Amino acid sequence: MKKGFFLFLITLVCIGNSYANIHKVCSTCPTSTITEAIEIAQAHDTILISEGVYSEGLLTIDKPLTLLGQDFPVLDGKLKNGLLKNHD
């Protein structure tokens, strides 16, 4: 059931953003950090974050992106000021 819903969600994102790319983040992927994925992504791309713990500090998002978690990834801010910043 979970996989079916996840595939449905990915399909909706792909249909809505048919010109956008999907950047997968995982420990064994070419893109292994969320920060790197944000940097290389173009406006309206999707960043698919796989399970794991990501201790990257403050993530600044300076373009319209879709962030999706797969199998409950954890963003660890290490009790600092925040996790996500929307750069206007």
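Helices (H or I, at least four residues) and strands (E, at least two) are DSSP runs, numbered from the N terminus. Every view below uses these names.

**Figure 1. Overview of the predicted chain.** This is a predicted model, where local features need pLDDT of at least 70, side-chain atom pairs count only at pLDDT 80 or more, and totals for chains, interfaces and linings use all residues. Residues are numbered from 1 along each chain as its sequence is written, and side-chain values use heavy atoms, with hydrogens and water left out. The chain holds 2 helices and 7 strands. Their order along the sequence is α-β-α-β-β-β-β-β-β. The chain has 88 residues, and 30% of them count as buried. Buried means under 20% relative accessible area, exposed means over 50%, and partly exposed lies in between (1.4 Å probe, protein chains only). The accessible surface of the chain is about 6,100 Å². Carbon and sulfur atoms make up 58% of that surface. Such areas come from the Shrake-Rupley method with a 1.4 Å probe; for residues, only the protein chains shown count as cover. Contact means heavy atoms within 4.5 Å. Among contacts between residues at least 6 apart in sequence, 42% join residues at least 24 apart.

Figure 2. Ile38 sits in helix α2, which covers residues 34–40. Is Ile38 buried or exposed? Ile38 counts as buried because its relative accessibility is 5%. Asp62 is 24 residues from Ile38 in sequence. In space, their C-alpha atoms are 8.5 Å apart.

**Figure 3. Close-up of His23 and its polar contact.** His23 belongs to strand β1, residues 22–25. Its relative accessible area is 14%, so His23 is buried. Which side chain makes a polar contact of 2.8 Å with the side chain of His23? The partner is Asp45. A polar contact is a pair of N or O atoms within 3.5 Å; within protein, one must be able to donate a hydrogen and the other to accept it, and residues adjacent in sequence count only if both atoms are side-chain atoms. Beyond four places in sequence, His23 is in contact with Ile40, Ala41, Asp45, Thr46, Ile47 and Leu48.

**Figure 4. Close-up of Thr31 in a loop.** Thr31 lies in the loop between β1 and α2. Thr31 counts as buried because its relative accessibility is 10%. With neighbours within four places in sequence left aside, Thr31 is in contact with Lys24, Val25, Cys26, Glu36, Ala37 and Ile40.

Figure 5. Gln42 is in the loop between α2 and β2 (46–49). At 52% relative accessibility, Gln42 is exposed. Setting aside neighbours within four places in sequence, Gln42 is in contact with Lys63, Pro64 and Leu65. Gln42 and Pro64 are 22 residues apart along the chain, and 8.4 Å separates their C-alpha atoms.

Figure 6. Asp71 lies in the loop between β5 (66–69) and β6 (74–75). Phe72 is in the loop between β5 and β6. Asp71 is not a glycine, yet its phi is positive, about 60 degrees. Phe72 is also a residue other than glycine, with a positive phi near 60 degrees. Asp71 is partly exposed, at 48% relative accessibility. Phe72 is exposed, at 65%.

Figure 7. Leu84 is part of strand β7, residues 84–86. Its relative accessible area is 49%, so Leu84 is partly exposed. Where neighbours within four places in sequence are left aside, Leu84 is in contact with Leu58, Leu59 and Ile61. Leu84 and Leu58 are 26 residues apart in sequence, with C-alpha atoms 5.6 Å apart in space.

**Figure 8. Close-up of the cavity.** Rolling a probe the size of a water molecule over the atoms shows where empty space is left. On a 1 Å grid over the protein atoms alone, a cavity is a set of points where a 1.4 Å probe fits but cannot get out; lining residues have an atom within 4 Å of a point. Grid points are joined across faces, edges and corners, and a volume is the space filled by probe spheres set on the points. The count is 1 cavity of 30 Å³ or more. The largest cavity has a volume of about 30 Å³. Its lining residues are Ile34, Tyr54, Glu56, Gly57, Leu59, Leu75, Asp76 and Leu83. By class, the lining has 5 nonpolar, 1 polar and 2 charged residues. Ala, Val, Leu, Ile, Met, Phe, Trp, Tyr, Cys and Pro count as nonpolar, Asp, Glu, Lys and Arg as charged, and the others, Gly among them, as polar.

Key. 1 Å grid on protein atoms, 1.4 Å probe; cavity = no way out; pocket = protein on both sides within 12 Å on 5 of 7 lines; lining within 4 Å.
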